[in-house]
Amino acid sequence: MRGNRRTRLCLAGVLTASALLTAPAAGAVEPAGGRLTDLVNPFIGTQDEGNTFPGAAVPFGMVQLSPDTGHSTGYDYTQHRIRGFSLVHLSGVGCRIGGDLPVLPTTGDVTQTDYARYAAGFDHADETASPGYYRVGLDSGVRAELTATARTGVQRYTFPATDKANVLLNAGQALHKPVSSEVEILDDRTVRTKITGHGFCRETAPYTVYTVTRFSRPFTAYGTWKGTDVAPGARTGADGAYVRFDTTRDRTVEATTALSYVDANGAEANLRAEGGRPFDAVRRQARDAWERRLAGIRVQGGSPTLRRTFYSSLYRAFLAPNVGEDADGRYTGWDRRIHRSAGFTYYQNWSLWDTYRTQAQLLALLAPREARDMALSVLKVDEDGGWLPKWGYGPVETNIMTGDPVTPFLTTAYQAGLLKGHEERAYRALRRNADGVPPAANAGVGREANAEYLADGFAPYVKGRPHTKVGDSDYDHGASVTLEYALSDAMLAQMARDLGHGADAARYATRAQNYRNVFDPSTGFFRARDASGAFTGDPDPARGIGFHEGTAWQYQWLVPQDLPGVISLIGGADAADRRLDAFFAYDRLLADPAKTAREVWVHGNAYDYYHAAVYNPMNEPDLIAPYTYLSTGRPWKTTDVVHAALTLFTDGPSGMTGNDDLGTMSAWNVLSSIGLFPVQPGFGTWGLSTPVFDRADIRLDRRYWPSGGFTVTAPGTSPADRYVQSVRVGGSAYGRTYLTNGSLRTLRSLAFTVGPHPSEWGTSPQAAPPALR
């Protein structure tokens with residue numbers, strides 16, 4: 001889910017579009033040592049509901065060890081007290097989840113068991129973070145450092161000289177709602193916990209995490225607590241434990257905590273597999289892992305700020321989904337049974353309504369092996385749990401958000417060639433999902449309004465319909481759900497055709513036109529229909545009902561399978577162009593792009609999605625909208641809008657446009673910055689716009705992308721010279737405004753020539769991305 005708010009850019013004040021997009025001053029250099037990790041600022045998005053976290057993780061790690069300040073999703077840059085360093089976070093989500101086992105170093109007697117009471121103050125001046133590492137000086141005089149492996153979090157605490165240096169392990173408190181907890185001190189170095197909780201927007205089914213923490217030296221004392229009652233010397237307890245060290249001579253204590261979603265044995269096996277190394281060795285390994293990931297794209301040109309925001313976005317795009325299996329391959333399936341992966345790594349945490357639009361495509365390009373395993377993991381969710389997921393957290397379904405996001409997610413993997421050998425397996429799961437609903441006993445809702453959609457051609461808006469399962473209801477958002485179902489039908493039709501299922505392909509292609517059934521000719525916009533079929537709600541498209549986190553203005557372009565059809569409904573290319581200009585406040589945009597982005601597009605308070613007639617760059621429904629101009633024959637306007645939206649990404653704590661949603665907005669920034677964007681999510685069509693860097697070298701895995709990579713060049717690109725004059729693909733002139741996955745498999749070079757004024761490039765009707773039939 002998304003946050004829509006008045007964006008404040010950087011602590012130092014507002015940055016202009018020129019400051020972000022112009023070339024660096026003469027003599028500008030990369031950071032010392034030339035490491036790409038030095039360009040990443042993990043604090044971006046930690047203010048104003050970006051909901052990112054600054055702590056330590058490795059790419060796609062199960063453990064994401066980070067400080068919690070009291071904010072519902074972990075860390076808020078405006079707060080100055082840390083309650084603990086906990087193991088589990090999701091980057092950029094909009095609801096309370098994670099924060100399991102907050103651990104905090106303290107000194108003196110242990111008299112408080114509520115982490116809001118014993119929280120330690122800190123100052124940002126004594127705080128730093130980089131990929132795989134976090135450090136902070138606490139007001140107690142303790143310095144805390146964090147790093148991580150895939151399944152362990154490693155802590156190093158440097159205490160003042162004292163014989164009462166404590167580490168508090170709080171099993172009974174977290175960001176979500178705990179159900180139960182157990183702690184056990186196993187020996188003079190080891191603490192084990194079991195934590196059961198549930199949450200995330202609604203009260204989901206419970207899930208359990210297991211941890212084991214091993215310290216670098218023996219305790220001098222220990223105890224546990226239940227509620228507010230502290231029991232010195234006790235080895236078992238319900239809510240928490242403390243262990244004590246004498247640091248009068250040796251002031252440093254290290255601890256490694258292993259996590260498992262399977263059982264206590266899994267946590268101990270993960271500790272054996274990944275623990276036992278010194279803190280600095282783990283930190284170097286984590287940094288090196290990030291360096292390899294970031295090296296998938298190397299850019300040249302642009303300002304230092306632009307490069308920092310770019311690589312910070314690329315970093316966040318690799319934080320999720322997360323490894324869900326233990327070191328021995330065991331994982332807890334959606335049937336609550338223990339399974340073992342075979343031939344792939346099992347992943348979990350599926351923010352599919354968000355990620356299917358941008359992050360899935362970016363990972364298919366830059367991390368295809370992992371993206372393959374992620375797709376196979378989603379298929380295992382279906383096979384273990386009985387249905388494909390909608391929004392999965394750990395081993396449970398949350399049913400957050402609406403529509404059918406799993407279909408374009410999986411067809412993205414299929415179109416990228418990641419499901420070889422599993423095509424029919426995936427198709428069977430998708431077909432069942434597209435043609436039915438989960439049984440009552442299944443936790444998932446799938447396409448909840450599918451019966452009406454299949455019978456009548458639209459999902460009805462039925463506010464307040466009894467909802468027997470946790471999560472959001474498709475009936476509350478019938479208009480946008482119809483658009484989402486139709487989009488998914490279009491993508492499934494392409495897969496069916498490829499696999500030789502001709503009758504299915506024709507049926508799904510017909511259903512992909514159902515978007516027309518919620519178009520109201522009297523208003524010229526999409527509109528909700530009630531169960532009787534009548535259009536309902538305020539006819540003002542900015543104030544209508546039935547759209548999830550948006551309005552009819554914002555959803556009118558969410559028909560990537562058939563933009564020519566939408567343009568025809570609106571009245572043709574010229575009429576659509578005028579509407580787009582109004583939507584983007586285009587005249588004001590040309591006069592002042594950055595100001596228009598902040599003061600016209602960004603409106604209202606956090607999570608205020610509604611009652612707007614303008615572009616919302618902070619939320620998923622509008623992510624593709626700037627590229628609609630490619631279909632009206634005005635590709636230069638796509639560049640104008642995209643480059644203005646990019647000014648909302650800055651390198652300060654408030655430099656994220658609302659919730660990042662497990663890398664969704666970060667992936668938008670990365671792809672739009674290199675001028676290559678997935679305009680038909682679920683199919684493999686990439687719209688072109690002017691890059692913001694002079695050069696980007698993109699390295700690809702030859703097992704999935706035979707070219708091994710390609711180079712995008714746009715010499716001299718800047719706010720003044722931002723318009724495409726011509727494009728060359730592999731040295732040959734190219735007049736279309738899009739590429740396909742097939743093109744990318746052999747692409748070696750994509751060269752833009754730019755200039756100060758729009759040109760005729762890409763303006764012919766044949767240049768636009770075609771409709772899917």
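This is a predicted model: local features need pLDDT of at least 70, side-chain atom pairs count only at pLDDT 80 or more; totals for chains, interfaces and linings use all residues.
Biologist: Let us take Trp553 and Phe583. Is that pair stacked or tilted, and why?

Modeller: The pair is stacked, because the planes of the two rings are at 5 degrees and planes under 30 degrees apart count as stacked. The ring centres of Trp553 and Phe583 are 6.3 Å apart.

Biologist: Where do the two residues lie in the chain?

Modeller: Trp553 is in helix 14 (residues 552-555) and Phe583 is in helix 16 (residues 573-583). They are 30 residues apart, and the pair links distant parts of the chain.

Biologist: Are Trp553 and Phe583 buried or exposed?

Modeller: Trp553 counts as buried at 14% relative accessibility. Phe583 is also buried, and its relative accessible area is 0%.

Biologist: And Tyr586 with Tyr629, what is the geometry there?

Modeller: That pair is tilted, because the planes of the rings are at 55 degrees. The centres of the Tyr586 and Tyr629 rings lie 6.2 Å apart.

Biologist: Which parts of the chain does the pair tie together?

Modeller: Tyr586 belongs to helix 17 (residues 586-591), while Tyr629 is in the loop between helix 18 (593-601) and helix 19 (635-646). The two parts are 43 residues apart in sequence, and both tyrosines are buried.

Biologist: Which residues do ring pairs link into a cluster?

Modeller: The cluster holds Phe525, Trp553, Trp557, Phe583, Phe584, Tyr586, Trp601, Tyr615 and Tyr629.

Biologist: What sits over the ring of Tyr586?

Modeller: The charged end of Lys637 does, at 4.9 Å from the ring centre. Elsewhere, Arg529 lies over the face of Phe458, 4.3 Å from the centre of that ring.

Biologist: Changing topic: what is the span of helix 12?

Modeller: The end C-alpha atoms of helix 12 (residues 478-498) are 30 Å apart. This agrees with expectation, because 21 residues at 1.5 Å a residue should span 30 Å.

Biologist: How many of the residues of helix 12 are buried, and what follows the helix?

Modeller: Of its 21 residues, 19 are buried, so helix 12 is largely enclosed by the rest of the structure. Helix 12 is followed by Gly500, which has a positive phi near 90 degrees.

Biologist: Lastly, where is Gly302 found?

Modeller: Gly302 is in the loop between strand 18 (297-300) and helix 5 (304-317). Gly302 is buried, with a relative accessible area of 4%. The C-alpha atoms of Gly302 and Val727 are separated by 20 Å, and these residues are 425 residues apart along the chain.

Notes
Residues are numbered from 1 along each chain as its sequence is written. Side-chain values use heavy atoms; hydrogens and water are left out. Rings of Phe, Tyr and Trp (its six-membered ring) pair if their centres lie within 6.5 Å; planes under 30 degrees apart count as stacked, over 60 as edge-to-face and the rest as tilted. Helices (H or I, at least four residues) and strands (E, at least two) are DSSP runs, numbered from the N terminus. Buried means under 20% relative accessible area, exposed over 50%, partly exposed in between (1.4 Å probe, protein chains only). A charge sits over a ring if NZ of Lys or CZ of Arg is within 6 Å of the ring centre and within 35 degrees of the ring normal. The expected span of a helix is 1.5 Å times one less than its number of residues.
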